[in-house]
Amino acid sequence: MGDSPLKLGILASGSGSNFEAIAEAIENQQLNAQIQVVIYNNPDAKVVLRAQKFGVPAVLLNHRNYSREELDAEIVKTFRESNVDWVIMAGWMRIVTPVLLDAFPEKVINIHPSLLPSFPGIRAIEQALKAGVKITGCTVHIAHLEVDSGPILMQAAVPILAGDTAETLHARIQVQEHKIVVGAIALLAARSAK
Ligand code: GRF
């Protein structure tokens, strides 16, 4: 762990359990990284409370005040001011534009609750239930412009059980998301240490 830590900027729209998994892994020295700042877009997003708990600065950029490109330009500005090198979309419910992706080329990471390329887009868990697949899961990948596309860093499979609802299945998928998001960042840290 002699190499300099990866400087992360997190984008989160909701509960922030993936943010917390990353913050905990850093605290436990499982990950050679530091979270510079978390940006959230919903004023009542619970991720703010989790950020406070870990002493991470949280910045509200309310998407209602901006066009998609303007929002991404504000994100880039905030991340640059905080010396962010890698962007993690940890439950970021906005479509990103080239303004963000070109500012951090191949360095924007996304977490998606399906085994991509199956079930991209919104309601991935409902899509999997509706399709009747027996195994779904989650993916951490480098984000390209098309929604939920780009090179896959890590995946985990989750079986669909009889009687599963979107809620019960999501809860089991999230347990795996928390593991693979940390694993994928560790992979990036190891790669950049070479
Ligand atoms: C995760 O299930 C992720 O796959 C999806 O949004 C959810 C965010 O959860 N993109 P949380 O806010 O990290 O708890």
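Modeller: Here it is, as a predicted model. Start with the overall size.

Colleague: What radius of gyration would a compact globule with 194 residues have, and what does the protein have?

Modeller: A compact globule with 194 residues would come out near 16 Å. The protein has 16 Å, so the value agrees with a compact globule. Along the principal axes, its C-alpha atoms fill a box of roughly 50 × 40 × 30 Å. Buried residues make up 49% of the 194.

Colleague: What is the order of the elements from the N terminus on?

Modeller: The protein has 6 helices and 7 strands. They run β-α-β-α-β-α-β-α-β-α-β-β-α. Contacts across the sequence can be counted too. Take those with a separation of 6 or more: residues 24 or more positions apart account for 63% of them.

Colleague: Why is Ser17 called buried?

Modeller: Buried means under 20% relative accessible area. Ser17 has 12%, so it is buried. Ser17 is found in helix α1, residues 17-27.

Colleague: Which residues is Ser17 in contact with, leaving aside its neighbours within four places in sequence?

Modeller: Arg50, Gln174 and His178. Arg50 is 33 residues from Ser17 in sequence, yet the two C-alpha atoms are 8.3 Å apart in space.

Colleague: How do you know that α1 is largely enclosed by the rest of the structure?

Modeller: Count its buried residues. They are 9 of 11, so α1 is largely enclosed. Among them are Phe19, Ile22 and Ile26, along with Asn18 and Glu20. The buried residues of α1 pack against β1, β2, α2, β4, β5 and α6.

Colleague: How do you know that the span of α6 is close to the expected one?

Modeller: Helix α6 covers residues 166-193, which is 28 residues. At 1.5 Å a residue, 40 Å is expected. From first C-alpha to last, α6 reaches 39 Å, close to that value. Its buried residues include Leu169, Ile173, Glu177 and Leu188.

Colleague: What follows α1, and what is its phi?

Modeller: Gln29 follows, with a positive phi near 60°. Gln29 is not a glycine. Most residues other than glycine have a negative phi. Gln29 sits in the loop between α1 and β2.

Colleague: Is Gln29 buried or exposed?

Modeller: The cut-off for exposed is over 50%. Gln29 has 63% relative accessibility, so it counts as exposed.

Colleague: What is the phi of Asp148, and where is the residue?

Modeller: Asp148 has a positive phi of about 60°, although it is not a glycine. Its place is the loop between β6 and β7.

Colleague: What makes the peptide bond from Leu116 to Pro117 worth a look?

Modeller: Its omega is near 10°, and the bond is cis. Most peptide bonds are trans. Pro117 lies in the loop between β5 and α5.

Note on methods:
Residues numbered from 1 in each chain as written. Predicted model: local features only at pLDDT ≥ 70, side-chain atom pairs only at ≥ 80, totals over all residues. Heavy atoms only, no water. Helix = DSSP H or I, 4+ residues; strand = E, 2+ residues; numbered from the N terminus. Expected span 1.5 Å × (residues − 1). Buried < 20%, exposed > 50% of the residue type's maximum accessible area, 1.4 Å probe, protein only. Rg over C-alpha atoms; globule rule 2.2 N^0.38 Å. Contact = heavy atoms within 4.5 Å.
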